[in-house]
Amino acid sequence: MSANVNPPAIENELTRAMDAALRPQTTHKIGVIVCSQRKPRAGLQIGTFVLETLQHFQKTHPSPRPYELSLIDLNDHPLPLFNEPDVPSRIKSASDYKYSHTRAWSELVSSYNAFVFVTPQYNWGYPASIKNAIDYLFNEWRGKPAMVVSYGGHGGGKAALQLLQVLEGVNMKVTKDFVALQFPDRAFLYKAAHGENLNLNVVPEEADGQGVIETEDPQAILDGVDATDEAARKAKEPLWAKESRELCSQFWELVSVLNG
Ligand SMILES: Cc1cc2nc3c(=O)[nH]c(=O)nc-3n(C[C@H](O)[C@H](O)[C@H](O)COP(=O)(O)O)c2cc1C
(Lines give C-alpha, C1' and ligand atoms only; values in the text may rest on other atoms or scores of the structure.)
Protein backbone atom coordinates (compact mmCIF):
# COMPACT_ATOMS: atom_id res chain seq x y z
CA MET A 1 0.00 0.00 0.00
CA SER A 2 1.45 3.43 -0.88
CA ALA A 3 2.00 5.83 2.03
CA ASN A 4 -0.37 8.51 0.71
CA VAL A 5 -3.43 6.25 0.31
CA ASN A 6 -6.08 7.26 2.78
CA PRO A 7 -7.40 4.12 4.64
CA PRO A 8 -10.95 5.54 5.05
CA ALA A 9 -11.04 6.02 1.23
CA ILE A 10 -10.25 2.31 0.75
CA GLU A 11 -12.89 1.44 3.30
CA ASN A 12 -15.43 3.54 1.39
CA GLU A 13 -14.53 1.82 -1.86
CA LEU A 14 -14.89 -1.59 -0.24
CA THR A 15 -18.25 -0.65 1.24
CA ARG A 16 -19.44 0.54 -2.18
CA ALA A 17 -18.29 -2.71 -3.84
CA MET A 18 -19.98 -4.82 -1.15
CA ASP A 19 -23.17 -2.78 -1.44
CA ALA A 20 -23.16 -3.31 -5.21
CA ALA A 21 -22.64 -7.06 -4.79
CA LEU A 22 -25.50 -7.31 -2.29
CA ARG A 23 -27.95 -5.09 -4.24
CA PRO A 24 -30.60 -7.23 -5.97
CA GLN A 25 -29.86 -7.42 -9.72
CA THR A 26 -32.58 -6.26 -12.04
CA THR A 27 -33.99 -8.97 -14.28
CA HIS A 28 -32.96 -8.75 -17.93
CA LYS A 29 -35.72 -9.02 -20.52
CA ILE A 30 -35.10 -11.10 -23.64
CA GLY A 31 -37.65 -10.87 -26.47
CA VAL A 32 -38.30 -13.63 -29.02
CA ILE A 33 -39.53 -11.73 -32.09
CA VAL A 34 -41.99 -13.44 -34.46
CA CYS A 35 -40.93 -11.80 -37.72
CA SER A 36 -43.69 -12.95 -40.09
CA GLN A 37 -47.09 -11.28 -40.26
CA ARG A 38 -48.96 -13.37 -42.85
CA LYS A 39 -52.44 -14.68 -42.19
CA PRO A 40 -52.27 -17.66 -41.95
CA ARG A 41 -48.64 -18.30 -41.02
CA ALA A 42 -46.35 -20.77 -39.28
CA GLY A 43 -44.38 -18.00 -37.56
CA LEU A 44 -46.31 -17.90 -34.30
CA GLN A 45 -46.04 -21.70 -33.80
CA ILE A 46 -42.32 -21.68 -34.61
CA GLY A 47 -41.68 -18.60 -32.44
CA THR A 48 -43.52 -20.31 -29.56
CA PHE A 49 -41.45 -23.49 -30.10
CA VAL A 50 -38.26 -21.39 -29.86
CA LEU A 51 -39.53 -19.57 -26.75
CA GLU A 52 -40.51 -22.82 -24.99
CA THR A 53 -37.21 -24.51 -25.91
CA LEU A 54 -35.31 -21.59 -24.37
CA GLN A 55 -37.54 -21.52 -21.27
CA HIS A 56 -36.86 -25.24 -20.79
CA PHE A 57 -33.11 -24.56 -21.17
CA GLN A 58 -33.38 -21.69 -18.66
CA LYS A 59 -34.80 -24.07 -16.01
CA THR A 60 -31.89 -26.47 -16.32
CA HIS A 61 -29.07 -23.93 -16.86
CA PRO A 62 -29.29 -21.13 -14.28
CA SER A 63 -27.72 -17.83 -15.34
CA PRO A 64 -25.65 -15.79 -12.87
CA ARG A 65 -28.06 -12.91 -13.54
CA PRO A 66 -31.84 -13.44 -13.76
CA TYR A 67 -33.62 -12.97 -17.08
CA GLU A 68 -37.13 -13.46 -18.38
CA LEU A 69 -38.15 -14.51 -21.86
CA SER A 70 -41.26 -13.39 -23.70
CA LEU A 71 -42.70 -13.35 -27.19
CA ILE A 72 -42.94 -10.18 -29.29
CA ASP A 73 -45.36 -10.83 -32.15
CA LEU A 74 -45.14 -8.17 -34.88
CA ASN A 75 -48.87 -8.76 -35.48
CA ASP A 76 -49.55 -7.27 -32.04
CA HIS A 77 -47.64 -4.09 -32.96
CA PRO A 78 -48.84 -3.18 -36.44
CA LEU A 79 -46.72 -0.53 -38.16
CA PRO A 80 -47.48 1.12 -41.51
CA LEU A 81 -44.65 1.25 -44.06
CA PHE A 82 -41.97 3.47 -42.50
CA ASN A 83 -43.30 7.03 -42.46
CA GLU A 84 -41.33 9.01 -39.84
CA PRO A 85 -40.01 12.36 -41.14
CA ASP A 86 -36.61 12.12 -39.38
CA VAL A 87 -33.81 9.55 -39.52
CA PRO A 88 -34.22 7.32 -36.42
CA SER A 89 -30.48 7.33 -35.60
CA ARG A 90 -30.88 11.06 -34.81
CA ILE A 91 -33.75 10.48 -32.37
CA LYS A 92 -32.78 10.28 -28.70
CA SER A 93 -36.18 10.03 -27.02
CA ALA A 94 -39.44 8.26 -27.91
CA SER A 95 -41.29 11.57 -27.52
CA ASP A 96 -39.33 12.96 -30.51
CA TYR A 97 -41.03 10.59 -32.95
CA LYS A 98 -43.92 12.08 -34.90
CA TYR A 99 -46.32 9.14 -34.77
CA SER A 100 -47.86 7.33 -31.81
CA HIS A 101 -47.27 3.93 -33.48
CA THR A 102 -43.51 4.67 -33.50
CA ARG A 103 -43.52 5.89 -29.89
CA ALA A 104 -45.27 2.70 -28.75
CA TRP A 105 -42.83 0.48 -30.71
CA SER A 106 -39.86 2.47 -29.37
CA GLU A 107 -41.01 2.09 -25.76
CA LEU A 108 -41.55 -1.64 -26.19
CA VAL A 109 -38.15 -2.31 -27.80
CA SER A 110 -36.41 -0.05 -25.24
CA SER A 111 -37.85 -2.19 -22.43
CA TYR A 112 -35.92 -5.27 -23.68
CA ASN A 113 -32.22 -6.01 -23.23
CA ALA A 114 -31.68 -8.64 -25.98
CA PHE A 115 -33.55 -10.30 -28.83
CA VAL A 116 -33.97 -13.62 -30.63
CA PHE A 117 -35.28 -12.97 -34.17
CA VAL A 118 -37.33 -15.89 -35.55
CA THR A 119 -37.68 -15.36 -39.28
CA PRO A 120 -38.98 -17.25 -42.31
CA GLN A 121 -37.29 -17.05 -45.70
CA TYR A 122 -39.28 -15.31 -48.44
CA ASN A 123 -37.72 -15.49 -51.92
CA TRP A 124 -34.17 -15.84 -50.58
CA GLY A 125 -34.58 -12.98 -48.13
CA TYR A 126 -36.33 -12.13 -44.84
CA PRO A 127 -39.86 -10.65 -44.78
CA ALA A 128 -40.42 -6.93 -45.35
CA SER A 129 -42.35 -6.82 -42.03
CA ILE A 130 -39.21 -7.26 -39.93
CA LYS A 131 -37.10 -4.85 -42.03
CA ASN A 132 -39.82 -2.24 -41.60
CA ALA A 133 -40.00 -2.84 -37.83
CA ILE A 134 -36.19 -2.57 -37.52
CA ASP A 135 -35.94 0.59 -39.65
CA TYR A 136 -38.43 2.48 -37.47
CA LEU A 137 -35.84 2.65 -34.66
CA PHE A 138 -32.09 2.79 -34.17
CA ASN A 139 -30.89 3.71 -30.68
CA GLU A 140 -33.42 1.29 -29.17
CA TRP A 141 -31.57 -1.63 -30.89
CA ARG A 142 -28.06 -0.26 -30.55
CA GLY A 143 -25.59 -2.25 -28.40
CA LYS A 144 -28.06 -5.02 -27.52
CA PRO A 145 -27.23 -8.71 -28.08
CA ALA A 146 -29.17 -10.46 -30.86
CA MET A 147 -29.35 -13.87 -32.50
CA VAL A 148 -31.28 -15.24 -35.48
CA VAL A 149 -33.33 -18.40 -35.94
CA SER A 150 -34.54 -18.98 -39.51
CA TYR A 151 -36.94 -21.53 -40.97
CA GLY A 152 -38.09 -22.74 -44.36
CA GLY A 153 -37.90 -25.53 -46.91
CA HIS A 154 -34.08 -25.42 -46.76
CA GLY A 155 -33.83 -23.80 -43.33
CA GLY A 156 -33.90 -20.19 -44.48
CA GLY A 157 -30.14 -19.65 -44.22
CA LYS A 158 -30.08 -16.95 -46.89
CA ALA A 159 -32.64 -14.90 -44.93
CA ALA A 160 -30.67 -15.41 -41.69
CA LEU A 161 -27.40 -14.15 -43.19
CA GLN A 162 -29.08 -11.04 -44.62
CA LEU A 163 -30.86 -10.31 -41.34
CA LEU A 164 -27.63 -10.69 -39.34
CA GLN A 165 -26.03 -8.07 -41.60
CA VAL A 166 -28.91 -5.63 -40.99
CA LEU A 167 -28.72 -6.20 -37.22
CA GLU A 168 -25.03 -5.36 -37.35
CA GLY A 169 -26.04 -2.22 -39.26
CA VAL A 170 -28.07 -1.03 -36.26
CA ASN A 171 -25.05 -1.79 -34.07
CA MET A 172 -26.44 -4.85 -32.32
CA LYS A 173 -24.05 -7.42 -30.82
CA VAL A 174 -24.94 -10.40 -33.00
CA THR A 175 -23.94 -14.01 -32.34
CA LYS A 176 -21.56 -15.26 -35.04
CA ASP A 177 -23.82 -18.15 -36.15
CA PHE A 178 -27.53 -18.62 -36.72
CA VAL A 179 -29.89 -21.58 -36.25
CA ALA A 180 -31.70 -22.95 -39.33
CA LEU A 181 -34.90 -24.96 -38.80
CA GLN A 182 -35.30 -26.93 -42.01
CA PHE A 183 -38.75 -28.30 -42.85
CA PRO A 184 -38.48 -32.12 -43.03
CA ASP A 185 -40.58 -32.62 -46.19
CA ARG A 186 -43.00 -31.08 -48.66
CA ALA A 187 -46.06 -32.06 -46.60
CA PHE A 188 -44.64 -30.05 -43.68
CA LEU A 189 -43.94 -27.10 -45.99
CA TYR A 190 -47.55 -27.20 -47.19
CA LYS A 191 -48.87 -27.28 -43.61
CA ALA A 192 -46.57 -24.41 -42.59
CA ALA A 193 -47.60 -22.25 -45.54
CA HIS A 194 -51.28 -22.84 -44.68
CA GLY A 195 -50.82 -22.18 -40.96
CA GLU A 196 -51.87 -25.72 -40.03
CA ASN A 197 -50.84 -27.38 -36.76
CA LEU A 198 -47.19 -28.47 -37.02
CA ASN A 199 -47.25 -30.42 -33.71
CA LEU A 200 -44.03 -28.82 -32.52
CA ASN A 201 -42.80 -30.04 -29.14
CA VAL A 202 -39.81 -29.04 -27.05
CA VAL A 203 -37.18 -31.77 -27.48
CA PRO A 204 -36.23 -33.26 -24.09
CA GLU A 205 -32.45 -33.13 -23.59
CA GLU A 206 -32.21 -36.90 -23.16
CA ALA A 207 -33.73 -37.38 -26.65
CA ASP A 208 -30.71 -35.82 -28.29
CA GLY A 209 -30.06 -38.72 -30.65
CA GLN A 210 -26.67 -39.55 -29.14
CA GLY A 211 -25.82 -43.19 -29.63
CA VAL A 212 -28.84 -44.08 -31.78
CA ILE A 213 -26.96 -44.39 -35.07
CA GLU A 214 -28.20 -47.69 -36.43
CA THR A 215 -28.89 -49.00 -39.89
CA GLU A 216 -30.12 -52.24 -41.36
CA ASP A 217 -28.90 -51.46 -44.89
CA PRO A 218 -26.27 -54.20 -45.61
CA GLN A 219 -24.34 -52.00 -48.03
CA ALA A 220 -24.22 -49.25 -45.44
CA ILE A 221 -22.85 -51.71 -42.89
CA LEU A 222 -20.11 -52.71 -45.40
CA ASP A 223 -19.37 -49.05 -46.14
CA GLY A 224 -19.11 -48.08 -42.47
CA VAL A 225 -20.36 -44.64 -41.34
CA ASP A 226 -22.05 -42.86 -44.26
CA ALA A 227 -25.10 -40.84 -45.23
CA THR A 228 -27.42 -43.77 -44.46
CA ASP A 229 -26.40 -43.57 -40.81
CA GLU A 230 -27.24 -39.88 -40.82
CA ALA A 231 -30.66 -40.63 -42.33
CA ALA A 232 -31.28 -43.36 -39.74
CA ARG A 233 -30.23 -41.04 -36.94
CA LYS A 234 -32.56 -38.33 -38.19
CA ALA A 235 -35.46 -40.80 -38.50
CA LYS A 236 -35.02 -41.80 -34.84
CA GLU A 237 -34.60 -38.28 -33.50
CA PRO A 238 -37.53 -36.01 -32.70
CA LEU A 239 -37.90 -33.10 -35.13
CA TRP A 240 -35.20 -30.42 -34.73
CA ALA A 241 -33.33 -32.23 -31.92
CA LYS A 242 -29.90 -31.21 -33.22
CA GLU A 243 -31.16 -27.71 -34.03
CA SER A 244 -32.56 -27.36 -30.48
CA ARG A 245 -29.09 -28.10 -29.10
CA GLU A 246 -27.61 -25.46 -31.43
CA LEU A 247 -30.33 -23.02 -30.39
CA CYS A 248 -29.55 -23.45 -26.69
CA SER A 249 -25.81 -23.19 -27.24
CA GLN A 250 -26.12 -19.96 -29.24
CA PHE A 251 -28.62 -18.61 -26.74
CA TRP A 252 -26.13 -19.26 -23.94
CA GLU A 253 -23.62 -17.19 -25.92
CA LEU A 254 -26.20 -14.38 -26.13
CA VAL A 255 -26.89 -14.57 -22.36
CA SER A 256 -23.13 -14.46 -21.67
CA VAL A 257 -22.75 -11.31 -23.82
CA LEU A 258 -25.74 -9.80 -22.01
CA ASN A 259 -24.23 -10.57 -18.60
CA GLY A 260 -20.97 -8.93 -19.74
C1 LIG B 1 -43.67 -15.04 -50.32
C2 LIG B 1 -43.08 -16.37 -49.93
C3 LIG B 1 -41.83 -16.71 -50.38
C4 LIG B 1 -41.23 -17.91 -49.97
N5 LIG B 1 -39.93 -18.17 -50.33
C6 LIG B 1 -39.31 -19.23 -49.79
C7 LIG B 1 -37.90 -19.42 -49.97
O8 LIG B 1 -37.20 -18.64 -50.60
N9 LIG B 1 -37.32 -20.52 -49.42
C10 LIG B 1 -38.05 -21.40 -48.66
O11 LIG B 1 -37.49 -22.38 -48.16
N12 LIG B 1 -39.36 -21.25 -48.45
C13 LIG B 1 -40.00 -20.19 -49.00
N14 LIG B 1 -41.34 -19.99 -48.74
C15 LIG B 1 -42.07 -20.99 -47.94
C16 LIG B 1 -42.02 -20.62 -46.47
O17 LIG B 1 -40.86 -21.17 -45.86
C18 LIG B 1 -43.24 -21.15 -45.74
O19 LIG B 1 -44.42 -20.74 -46.41
C20 LIG B 1 -43.34 -20.64 -44.31
O21 LIG B 1 -44.52 -21.15 -43.75
C22 LIG B 1 -43.33 -19.13 -44.25
O23 LIG B 1 -43.35 -18.67 -42.92
P24 LIG B 1 -44.67 -17.98 -42.30
O25 LIG B 1 -45.78 -19.02 -42.48
O26 LIG B 1 -44.35 -17.72 -40.89
O27 LIG B 1 -44.94 -16.76 -43.09
C28 LIG B 1 -41.95 -18.81 -49.14
C29 LIG B 1 -43.24 -18.45 -48.71
C30 LIG B 1 -43.78 -17.25 -49.08
C31 LIG B 1 -45.15 -16.87 -48.55
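**A first chat about a predicted model**

Reader: Hi! Where does asparagine 83 lie?

Author: Asparagine 83 is in the loop between E2 and H3. Helices (H or I, at least four residues) and strands (E, at least two) are DSSP runs, numbered from the N terminus. Residues themselves are numbered from 1 along each chain as its sequence is written. This is a predicted model, in which local features need pLDDT of at least 70 and side-chain atom pairs count only at pLDDT 80 or more, while totals for chains, interfaces and linings use all residues.

Reader: Thanks! Is asparagine 83 buried or exposed?

Author: Asparagine 83 is exposed, because it has 11 other C-beta atoms within 10 Å. The cut-offs are 20 or more other C-beta atoms within 10 Å of a residue's own for buried, 12 or fewer for exposed, and partly exposed in between, with C-beta atoms placed from the backbone.

Reader: And how many residues apart in sequence are asparagine 83 and tyrosine 136?

Author: They are 53 residues apart in sequence, and their C-alpha atoms are 8.3 Å apart in space.

Reader: What about lysine 98, where is that one found?

Author: Lysine 98 is in the loop between strand E2 (67–73) and helix H3 (100–110). Lysine 98 is exposed, since 12 other C-beta atoms lie within 10 Å.

Reader: Which residues is lysine 98 in contact with?

Author: Leaving aside neighbours within four places in sequence, lysine 98 is in contact with Glu84 and Pro85. Two residues are in contact if their C-beta atoms, placed from the backbone, lie within 7 Å. Proline 85 is 13 residues from lysine 98 in sequence and 7.4 Å from it in space, C-alpha to C-alpha.

Reader: Let's zoom out. How many helices and strands does the protein chain have?

Author: The protein chain has 9 helices and 6 strands. Of its 260 residues, 29% count as buried. Looking at contacts between residues at least 6 apart in sequence, 77% join residues at least 24 apart.

Reader: Which residues touch the most other members of the largest nonpolar core?

Author: Ile33, Val50, Val116, Phe117, Val118, Val149 and Phe251 do, out of 53 residues in that core. Helix H2 (residues 43–60) supplies the largest share of the core, with 6 residues. A nonpolar core is a set of buried Ala, Val, Leu, Ile, Met, Phe, Trp, Tyr and Cys residues joined through C-beta atoms within 7 Å.

Reader: Which residues is isoleucine 33 in contact with?

Author: Setting aside neighbours within four places in sequence, isoleucine 33 is in contact with Ile72, Leu74, Phe115, Val116, Phe117 and Val118.

Reader: Back to H2. At what angle do H2 and helix H9 pack?

Author: H2 and helix H9 (residues 241–259) pack at about 65°, with their axes 10 Å apart. Axes are lines fitted to C-alpha atoms, for helices over the stretch in contact, and angles run from 0 to 180 degrees between N-to-C directions. H2 and H9 are therefore roughly perpendicular to each other. Angles under 35 degrees count as roughly parallel, over 145 as roughly antiparallel, 65 to 115 as roughly perpendicular and the rest as oblique.

Reader: Which residues make the contact?

Author: From H2 they are Val50, Thr53, Leu54 and Phe57, and from H9 they are Ser244, Leu247, Cys248 and Phe251.

Reader: New topic: where is tryptophan 240 found?

Author: Tryptophan 240 is in the loop between helix H8 (227–236) and H9. Its phi is positive, about 60°, although it is not a glycine. Tryptophan 240 counts as buried because it has 24 C-beta neighbours inside 10 Å.

Reader: What is phi near in asparagine 123?

Author: Phi of asparagine 123 is near 45°, a positive value in a residue other than glycine. Asparagine 123 sits in the loop between strand E3 (114–120) and helix H4 (128–135). With 8 C-beta neighbours inside 10 Å, asparagine 123 counts as exposed.

Reader: Which residues does the cis peptide bond join?

Author: A cis peptide bond joins lysine 39 and proline 40, with omega about 0°. Proline 40 is in the loop between strand E1 (28–34) and H2.

Reader: Last one! Why does methionine 172 count as buried?

Author: Methionine 172 counts as buried because it has 21 C-beta neighbours inside 10 Å. Methionine 172 lies in the loop between helix H5 (157–169) and strand E5 (173–174). Apart from neighbours within four places in sequence, methionine 172 is in contact with Trp141, Lys144, Ala146 and Leu167.
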